[in-house]
Amino acid sequence: MSHIPHLINGERVAGNGRSAPVYNPSTGDSTSAVGLADRATMQLAIDAAKAAFPAWRNTPPAKRAQIMFRFRELLEQNENEIAALISAEHGKTLEDAVGELKRGIENVEFACAAPDILKGEYSRNVGPNIDAWTDLQPIGVVAGITPFNFPAMVPLWMYPLAIVCGNCFILKPSERDPSSTLLIAELLNQAGLPKGVLNVVNGDKDAVDALIEAPEVKALSFVGSTPIAEYIYSEGTKRGKRVQALGGAKNHAVLMPDADLDNAVSALMGAAYGSCGERCMAISVAVCVGDQIADALVEKIVPQIQALKIGAGTSCGLDMGPLVTAAARDKVKGYIDAGVAQGAKLVVDGRDLVVPGNENGFFVGGTLFDRVTPDMTIYTDEIFGPVLCIVRVGSLEEAMQLINGHEYGNGTCIFTRDGEAARLFCDEIEVGMVGVNVPLPVPVAYHSFGGWKRSLFGDLHAYGPDGVRFYTRKKAITQRWPARKSHEAAQFAFPSNG
Ligand code: NAD
């Protein structure tokens with residue numbers, strides 16, 4: 001069985017302690033083992049990053065950007081291999097894996113603008129013979145901890161930008177599907193990144209705790225579930241680190257009575273069942289305003305759910321693959337059992353799906369519940385599987401109250417032809433990313449990504465302009481060059497232009 005190593009100081013480093021199995025979720029087979037770093041291994045990466053920092057921070061931003069341009073080319077050239085690795089360990093379809101990689105590449109393209117985004121601000125003559133400017137300087141050694149569900153895209157949200165801003169980076173990817181993440185990092189080294197600027201250390205809680213506790217690590221970016229996001233935010237900030245920690249979600253789509261139903265159903269199918277529902281922006285609740293639209297939705301969507309093409313993610317032309325692990329499958333089935341026990345109407349049941357030829361894969365079929373109420377666990381909790389819940393309400397105001405009352409506030413959308421309703425929704429909904437007739441409003445790379453409430457701990461969103469702010473610190477410099485032969489007398493009043 002192959003062993004997935006770490007990448008430290010530009011070299012593959014074998015783990016010498018614990019390891020964890022990595023599965024092919026389509027077959028249920030364990031295909032490799034990934035090393036789980038101990039503190040000594042993590043310290044090697046921290047030392048490498050620290051040693052690389054002085055030269056890297058002084059490398060001109062334009063030169064840093066040139067490496068990103070080459071990285072971008074290598075990512076495109078290796079698209080098929082990367083997508084196949086994602087699919088083999090995560091289970092998502094090849095087309096979906098290519099989609100995530102392409103969204104990741106957009107973040108590399110944003111990072112290529114480093115000389116422009118790091119320009120700072122300049123003011124001449126703020127006082128007599130005095131000029132002032134604000135510099136954007138790197139923070140030092142920073143780290144990222146990422147989830148299993150986007151092994152290519154989420155790491156690419158973080159380190160290309162952190163690195164072009166002049167920082168050195170340690171990435172702790174998910175231990176469930178680490179191979180594509182490692183290959184992509186090696187491509188960046190191949191593009192000419194100096195040793196130690198990017199290090200990838202595989203592991204679990206021990207590796208994460210080593211990063212939290214290391215005084216050399218100045219900032220932590222985290223994406224994953226809410227309990228771990230909250231833990232990392234509180235432990236990191238307690239130690240004076242800058243932390244942005246993105247957590248879980250329960251994303252609602254509101255269907256207004258005037259919605260273009262055919263298009264809304266297509267949008268819901270992709271947003272609820274794409275990637276088997278394992279997306280933090282997946283739609284898991286359809287809030288129908290009025291029974292008429294709810295009944296029409298059920299009638300139209302049921303045959304489409306029953307017709308989902310489900311199979312091994314690595315085959316072409318499928319709609320959905322398996323869940324990532326047996327534990328994830330069992331958890332999702334447990335929620336479906338709970339939904340039935342708590343009185344929701346199970347309209348399509350995906351629990352007994354068997355994929356011929358892949359009987360041991362971690363599959364659950366598309367599932368639909370109707371008449372879900374806010375007290376049920378299928379409504380309150382993030383299921384992270386192919387389960388869509390319909391909640392029926394009487395008005396847009398009631399729909400908005402429901403969404404605003406939920407603990408998560410990552411994404412949401414409204415399907416309507418009514419501009420006034422859409423505008424009210426955008427203004428008053430307590431959610432960080434909002435779509436109007438767009439089911440997955442994931443911001444493009446030159447905007448920033450982040451939820452509200454318990455979907456994000458920290459002040460700055462991920463990537464884009466907020467990413468630049470997160471990975472730099474400002475220094476304000478005020479400089480006087482006295483006019484030739486002039487003499488300035490001592491001033492005891494506070495300096496001003498008054
Ligand atoms: P997870 O929280 O289990 O793991 C995320 C990372 O934290 C992994 O690298 C893991 O090794 C590490 N980790 C796990 N347990 C830990 C512990 N006790 N202490 C320290 N570190 C620990 O999340 P996951 O299952 O990999 O990913 C799915 C979750 O991520 C979902 O909740 C999903 O909504 C969320 N997610 C959020 C976003 C977002 O942008 N808000 C994006 C993608 C995924």
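This is a predicted model: local features need pLDDT of at least 70, side-chain atom pairs count only at pLDDT 80 or more; totals for chains, interfaces and linings use all residues.

Visitor: How is the protein chain divided into domains?
Guide: There are two. Domain 1 covers 2-247 + 455-479, and domain 2 covers 251-436.

Visitor: How far apart are the C-alpha centres of domain 1 and domain 2?
Guide: The two centres are 31 Å apart. In the contact, domain 1 supplies 22 residues and domain 2 supplies 26 residues.

Visitor: What area is buried between domain 1 and domain 2?
Guide: About 1,900 Å². Carbon and sulfur atoms give 57% of that area.

Visitor: And which residues in domain 1 lose the most area to domain 2?
Guide: Ser26, Thr93 and Ser455. Together they account for 25% of what the domain 1 side buries.

Visitor: Now charges. How many salt bridges are there between domain 1 and domain 2?
Guide: The count is one.

Visitor: What about Asp96, which residue does it form a salt bridge with?
Guide: Arg279. The closest N and O atoms of Asp96 and Arg279 are 2.9 Å apart.

Visitor: How many residue pairs are in polar contact between domain 1 and domain 2?
Guide: The count is 12 residue pairs, with both residues at pLDDT 80 or more.

Visitor: Which elements give two or more residues to the domain 1 side?
Guide: Helix 3 (79-90) and helix 4 (94-111) do. Helix 3 gives the largest share, five residues.

Visitor: How do the residues on that side of domain 1 divide by type: nonpolar, polar, charged?
Guide: Seven are nonpolar, 10 are polar and five are charged.

Visitor: Change of topic. Do strand 1 and strand 5 run parallel or antiparallel?
Guide: Parallel. Three bridges join strand 1 (residues 2-4) to strand 5 (residues 29-35). Within strand 5, Val34 is the bridge partner of Ile4.

Visitor: And strand 4 with strand 5, parallel or antiparallel?
Guide: Antiparallel. Six bridges join strand 4 (residues 19-24) to strand 5. Here Pro21 has Ala33 in strand 5 as its bridge partner.

Visitor: How many residues sit between the strands in the hairpin of strand 4 and strand 5?
Guide: Four. In that hairpin, Gly28 takes a positive phi near 85°.

Visitor: Last one. Where do side chains go in a regular strand?
Guide: They alternate between the two faces of the sheet.

Methods:
Residues are numbered from 1 along each chain as its sequence is written. Side-chain values use heavy atoms; hydrogens and water are left out. Domain bounds come from an automatic or database domain assignment. Contact means heavy atoms within 4.5 Å. Buried area is the accessible area (1.4 Å probe) that two parts lose on being put together, summed over both. A salt bridge is a side-chain nitrogen of Lys or Arg within 4 Å of a carboxyl oxygen of Asp or Glu. A polar contact is a pair of N or O atoms within 3.5 Å; within protein, one must be able to donate a hydrogen and the other to accept it, and residues adjacent in sequence count only if both atoms are side-chain atoms. Ala, Val, Leu, Ile, Met, Phe, Trp, Tyr, Cys and Pro count as nonpolar, Asp, Glu, Lys and Arg as charged, and the others, Gly among them, as polar. Two strands pair if DSSP finds at least two bridges between them.
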